[in-house]
Amino acid sequence: MDHSTLLAPAAILTQFPWPKLTGLKVLDLACGSGRNGLWFLAQGATVTFIDQDLTPLSSLKHPNAHLLQRDLEDGSAEALATEAFDIVLVFNYLHRPLMPQVAASVKPGGIVVYETFTWQQAEIGRPRNPDFLLAENELKSAFANWQPLHYFEGLLSDPLTGHASFKAQLIAQK
């Protein structure tokens with residue numbers, strides 16, 4: 001695996017039939033390397049990147065990129081802006097108390113893209129802490145009042161690395 005593989009966006013993003021993304025406001029929450037938000041930035045979206053460590057994005061200088069360093073779990077971060085984003089991305093991150101804020105931050109008609117580990121992941125690797133693992137159908141239930149555009153729960157193999165993990169994926173419209 002090389003550096004470009006680590007920065008490639010999640011397959012669910014590149015395979016989804018997005019409308020024109022130019023000018024849309026996207027939030028990449030707990031963004032890590034920013035690989036998913038960077039893909040939207042390249043498509044013409046304005047992207048807000050939030051993470052407790054933005055070091056991987058420290059060289060990013062783009063007029064449509066906004067970097068917010070926040071600890072999302074210790075209570076010090078201000079609440080996410082309500083109905084501020086057309087698309088909210090959450091990958092490989094689960095902090096249940098934040099889920100209502102995630103939902104509220106999406107504009108009416110906007111989309112959430114959420115992909116993270118399920119309880120089965122503990123059987124094959126990390127994470128193993130149940131605080132970071134979804135129960136069966138938990139992600140679907142958290143956005144039950146939204147229009148599902150895509151849902152999957154099971155074993156996924158990363159097309160670039162071949163690494164397998166148990167995850168749930170949801171793309172839903174508010």
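Student: Where is S165 placed in this structure?
Tutor: The place of S165 is in strand β7, which covers residues 164–173. Keep in mind that we are reading a predicted model.

Student: Is S165 buried or exposed?
Tutor: The general idea is to look at relative accessibility, where under 20% means buried. S165 has 6% relative accessibility, so this serine counts as buried.

Student: Which residues is S165 in contact with, leaving aside neighbours within four places in sequence?
Tutor: There are two groups to find in your viewer. S165 is in contact with F117, Q121 and I124, and also with G154, L155 and L156, once those sequence neighbours are left aside.

Student: Now the nonpolar cores, please! Which residues touch the most other members of the largest one?
Tutor: That core has 25 residues, and the ones touching the most other members are L29, V102, L139 and F143. The elements that give two or more residues to this core are β1, β4, α4 (99–105), β5 and β7. Apart from it lies another core, of 23 residues, including W18 and I171.

Student: What is V102 in contact with, apart from neighbours within four places in sequence?
Tutor: V102 is in contact with L29 and F143, and with L80, V88, V90 and V112 as well.

Student: Which residues does a cis peptide bond join?
Tutor: A cis peptide bond joins R126 and P127, with omega about -5°. P127 sits in the loop between β5 (106–117) and α5 (138–142).

Student: Last topic: how many residues line the second largest pocket?
Tutor: A pocket can be read by its volume and by the residues that line it. The second largest pocket has a volume of about 250 Å³. Its lining has 20 residues, and A77, E78, A79, L80 and Q101 lie nearest its centre. By type, the lining divides into 11 nonpolar, five polar and four charged residues.

Conventions
Residues numbered from 1 in each chain as written. Predicted model: local features only at pLDDT ≥ 70, side-chain atom pairs only at ≥ 80, totals over all residues. Heavy atoms only, no water. 1 Å grid on protein atoms, 1.4 Å probe; cavity = no way out; pocket = protein on both sides within 12 Å on 5 of 7 lines; lining within 4 Å. Points joined across faces, edges and corners; volume = space filled by probe spheres on them. Nonpolar A, V, L, I, M, F, W, Y, C, P; charged D, E, K, R; others polar. Helix = DSSP H or I, 4+ residues; strand = E, 2+ residues; numbered from the N terminus. Buried < 20%, exposed > 50% of the residue type's maximum accessible area, 1.4 Å probe, protein only. Contact = heavy atoms within 4.5 Å. Core = buried A, V, L, I, M, F, W, Y, C linked by side-chain atoms within 4.5 Å.
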